[in-house]
Each structure stands twice: as C-alpha cells, then as structure tokens.
Amino acid sequence: MQEIELKFQIPEAALVAIETELQALAGGPLKPLPLRAAYFDTADRKLAGARMALRVRQEGDEWVQTLKAGGSNTMMRLEDNRAAPAATPGQDIAADLALHEGPARDALVRTLGWQPDADPHGRQCGLIQLYRTDIVRWRVQVTVARGTPEEGKVELALDLGHIQAGPLKLPVRELEIEAIDGNPMAVIATGRDWVKRHGLWLDTQTKAHRGDRLARQADSLRQAPPEQAEAWLAAWTSRPCPFEAGAATEARPAKLAPDATVDQAWRAGVEACLEHLTGNLSELATLSPADPGPAAYEWRRSLRRLHALSRLWAHSPTPFPHAAAAQARRLARQLGWWRDQASLAWLPGKLARRHVTDMPLPQPPCPAGLPTSVVELARSPAATSLCLDLLAALLHPVDVDEDNAQPWTPWLQAQLERRTRKLARQAERYRQLDAGQRHRLRQRLRRLHDLIELHAAPAQLGQQPALALALRQLGALQDEAVALDWYRRASEQDDRAQAAVGWLMARQGKLKRRARKALQAWAAGLPPA
C-alpha cells in the first residue's frame, strides 16, 4: 500500500491554536488515541540503510506491525500494515516477519537476508528493539477544495509525545496530513493553508529516522565513562535543539533508465533536487541556530542544483515549475549572506598571523527582512512553500506529446555539449573579462558542473575533476574579492582595515593566474568538437 502524506513540525507558540482549530473542525472535543510503538532493526542498521522501518505499535486496543519504505518522492511512502497479536504483559515486544506478504516480504528477504523456510518468524535475523515512541494522536477528516478538480478528503493528525532510547528523550509535536480519498493535491492545498496561518514547516525526517539517531547517541552514552556520560546527559536535557550538526543529505544523481523519455527525465531531476532540498531543510530545523553545520551548505547546494535544472529546461516545452525555481533563487540569495561569512571566517586569523591587522571580519549588516539565522530561514513559510510547489508540479498530470516523449539521452548530450563549448570559448578569453564577466562565467560553469553531476552524464563525467578544480580556484578569487570590498568599506571608519586592503589587493594577481591556468587545463582536456 502507498500512503500519500506530508508531515509538518509545529512551533510551540502555535500549538494551542492548532488544537482549537482541530476541535472546531471535528465539531467538538477530539478523542485521544494512544500510540505506543517499538522499532526494530539489526545492530548494524540494515533496515535504516535501506530507508526502511519496522515497528510494532499499540493503537488503542489494537496491535499493528508495520513495514515502511521510501516512495518515489517526499510525499509518497510505501507502507505494509498487518494486524499483530497483543504483547504479553511483562514481556518484551517482538516483531514477527511472518506477518508480511508480497513486496514487503520480498524487501525483508532482500534486506535482512531472511530465509523464511528455515526461520519462519525471522528470529535469526538479529532484530533488536532500538527505541520506542509514546504518542497521543488527535485526528479529524475534512473535505478540501470541494467542487473543484482538486477535491479530496484528508486526515489531519496531531501527534504529541516523545521518542525514547535508553535515558534519552526527544519531544514530538507534529501535524500529519494524509490523503484519504480523491485528488492527492488536496494534501498540498491543506498544507499550504496551515503553513501560511500557523507557521508550520515541512519535515521529511520520520520518527524512525530520529529514533535511530537517538539510539546511536544512547549507545555512545552507554559506552562512555560514567562521569563523562553524566555530564553529556545533563547537557542533552538542557539544550532546546539537542542534536548536534553533522548529518547532512548529500546530492544524489537523478534515477533515470537509459531509455528514459524527456518527460521522465525532468520529473526524475525534480525528484532528486527535492530529496536533496527537503532532507537538509528537515535537518536544519532540528539544529541550534548557532551551529547549522554541513546541512546549511547542502541546502544552498540543492537550491543551486534546482536553478541549474530550471535553466536546462528554460527553452523546452516541458511544464517545469519555473516559478518555484525563482523562489529557490531568492532563498539562495538570502543564504548567501551567511555563506560569505562562513567562507571568509578563516581570513582574520590569517591576517593576524601575518601581522597585517588584528581586526575582526568587517561583515556588512544583515539585510532588511532576513531571518536571524539559517535555521529560522529553513523553518520559514517561504522554504516550505517551495517544497510544496515542487511536489505539486510532480503531481500535476501532463499530456505526453511528441516533444516530451522523445528519448532523453540525445537531447541531454546536445544541451551539455553546446554549453560546454560556449563556456570553453569564454574561458580562453579569461584575461579580457572584467570582474562581472568572470563572476558570470563562474556561475555558468557551476551550473554545468551541477547538471553533469545531477544526470551522471557519461560523456561529460570525465571532465568533472578538472572542472571542479577550476571552480575552486574561481571560488577562492571571488571570496577574496568579496572580502576586499568589505575591508574597503570598513577602512572608511577603521584605519586597521587599510592594511588588509593592501594585502588582499596584492593577492588578486596570483589568484587570477591560478584560476586562468585551471580554466585552460579544463578547456584543453575537452574532446574535439
């Protein structure tokens, strides 16, 4: 069975308003449904590695065993629910693999190495209980977009409680919106409405994802010396965002068959960008604003990849969501303020070690209207609306005509080769380019790099190392040009900045030569036209 749902995190300040609105929709008090679940995996996390989760859950008076797996996109997941016997009081809950049939059973055999004939219930698969959840759910069903082609019935489910692994607990405060009947666009419409009115943010990290992460930290806690474990546990309970930065979703190529059509290709490209985007947004929203870590970089990179994809489809008849791509560019520009600070954080220390100046980095003031942190921007309605727009584009039916039914590979190769040759000619003229032209060349080369990586284009993959080196050299030049501008502005108020201006200006010639040589090496390595 395939479930179509979206999950949103709820700001604490909006909780009372959401509870009140759900009761109004139900026409009275909602009946709470206790949900107590145990999650299972092997010690080496075979199920988590396959993006699967196995749980046994008590739902009121009933017991259900569920196997979940990733679907085709953020909104769709595969789910196999089986009635399970009630757990015996006083005994540990256990999973019984024999309950599953069909594709779910095949997935368990493939992932766990389960041999049903020799081990009917999966007792020898090494499954252990890693964590548990204790949730209370309130739910109500409503019909959305009544009388329109997008009419559908959805269920709104408010989940409050916690996830627990050993002594560690993680609060749960979520709203799930699931399609029950009719057009799945009703889920998108409902999500947009509640995001706008209550400031919710989209979250694609499942309870299983967070529970597994919590269980790993509980394992580390058990293995630590007692004094260290006690101090770490105290720090954990005092932090509003207990997870530490470090878990970022990296970019993956689009999933494309060799005989894919143009229509299938743009959808696969959007799905790959959406997975990259939502994974890092969800991660950022769990972190401390002071330390967004690598997820901030990957989020910006996902926005950049989406922009590159939109430029690829700019002059084609495909229904690419260009309005969403424009929103992605706006978010990327906002992220640029923090990106410049992070990329130049090394500079004051180097200037001090060289006895040039001891002043801090003279970063410009925060632009008007910019959220206070990357984490706040990730939780913003603008970020969630972008994701919903991309999902809506994937759900929208498309009339497949001769243009978008043609084979994808020849079209892609022609597009990439044309872009490559044009940029190679500009690279050969690098000495004659002014600062603005050099910056635009870098942006276009970066888009080319992203497109080749996104589609794993075989004819161009060999160019990637040389192209990546050229981009690093161009990036270093651009970063120091930004720093030079900052110190020049600061020198009007602080004489210490003038020494930094002279040092940075002296480096510009060397950085330009390095960039030019790297560009020439890339262009020289291209196959003949």
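This is a predicted model: local features need pLDDT of at least 70, side-chain atom pairs count only at pLDDT 80 or more; totals for chains, interfaces and linings use all residues.
1. Helix 15 and helix 16. Helix 15 covers residues 464-490 and helix 16 covers residues 496-524. The axes of the two helices lie 8 Å apart, and the packing angle is about 160 degrees. Because angles over 145 degrees count as roughly antiparallel, helix 15 is described as roughly antiparallel to helix 16. Helix 15 passes helix 16 in a left-handed crossing. The residues in this contact divide by class into 22 nonpolar, two polar and five charged.

2. Helix 1 and helix 4. A further helix pair is formed by helix 1, residues 15-26, and helix 4, residues 185-198. Here the axes are 11 Å apart and the angle is about 135 degrees. That angle makes helix 1 oblique to helix 4. The crossing of helix 1 and helix 4 is right-handed, whereas that of helix 15 and helix 16 is left-handed.

3. The hairpin of strand 7 and strand 8. Strand 7 (residues 152-165) pairs with strand 8 (residues 168-182) in the antiparallel sense, over 14 bridges. Together the strands form a hairpin in which two residues stand between them. Gly 166 lies in the turn and has a positive phi of about 60 degrees. Gln 164 stands opposite Lys 169 of strand 8.

4. The cavity: number and volume. The structure contains one cavity of 30 Å³ or more. The volume of the largest cavity is about 40 Å³.

5. The cavity: lining residues. The largest cavity is lined by Leu 35, Tyr 39, Arg 57, Thr 133, Ile 135, Arg 137, Asp 159 and Lys 207. By class, this lining comprises three nonpolar, one polar and four charged residues.

6. The cavity: contributing strands. Which strands each supply at least two residues of the lining of the largest cavity? They are strand 2, spanning 33-41, and strand 6, spanning 128-144. Strand 6 provides the largest share of the lining, with three residues.

Notes. Residues are numbered from 1 along each chain as its sequence is written. Side-chain values use heavy atoms; hydrogens and water are left out. Axes are lines fitted to C-alpha atoms, for helices over the stretch in contact, and angles run from 0 to 180 degrees between N-to-C directions. Helices (H or I, at least four residues) and strands (E, at least two) are DSSP runs, numbered from the N terminus. Angles under 35 degrees count as roughly parallel, over 145 as roughly antiparallel, 65 to 115 as roughly perpendicular and the rest as oblique. A crossing is left-handed if the near helix is turned anticlockwise from the far one by less than a right angle, and right-handed if clockwise. Ala, Val, Leu, Ile, Met, Phe, Trp, Tyr, Cys and Pro count as nonpolar, Asp, Glu, Lys and Arg as charged, and the others, Gly among them, as polar. Two strands pair if DSSP finds at least two bridges between them. On a 1 Å grid over the protein atoms alone, a cavity is a set of points where a 1.4 Å probe fits but cannot get out, and a pocket is an open set with protein on both sides within 12 Å along at least five of seven lines; lining residues have an atom within 4 Å of a point. Grid points are joined across faces, edges and corners, and a volume is the space filled by probe spheres set on the points.
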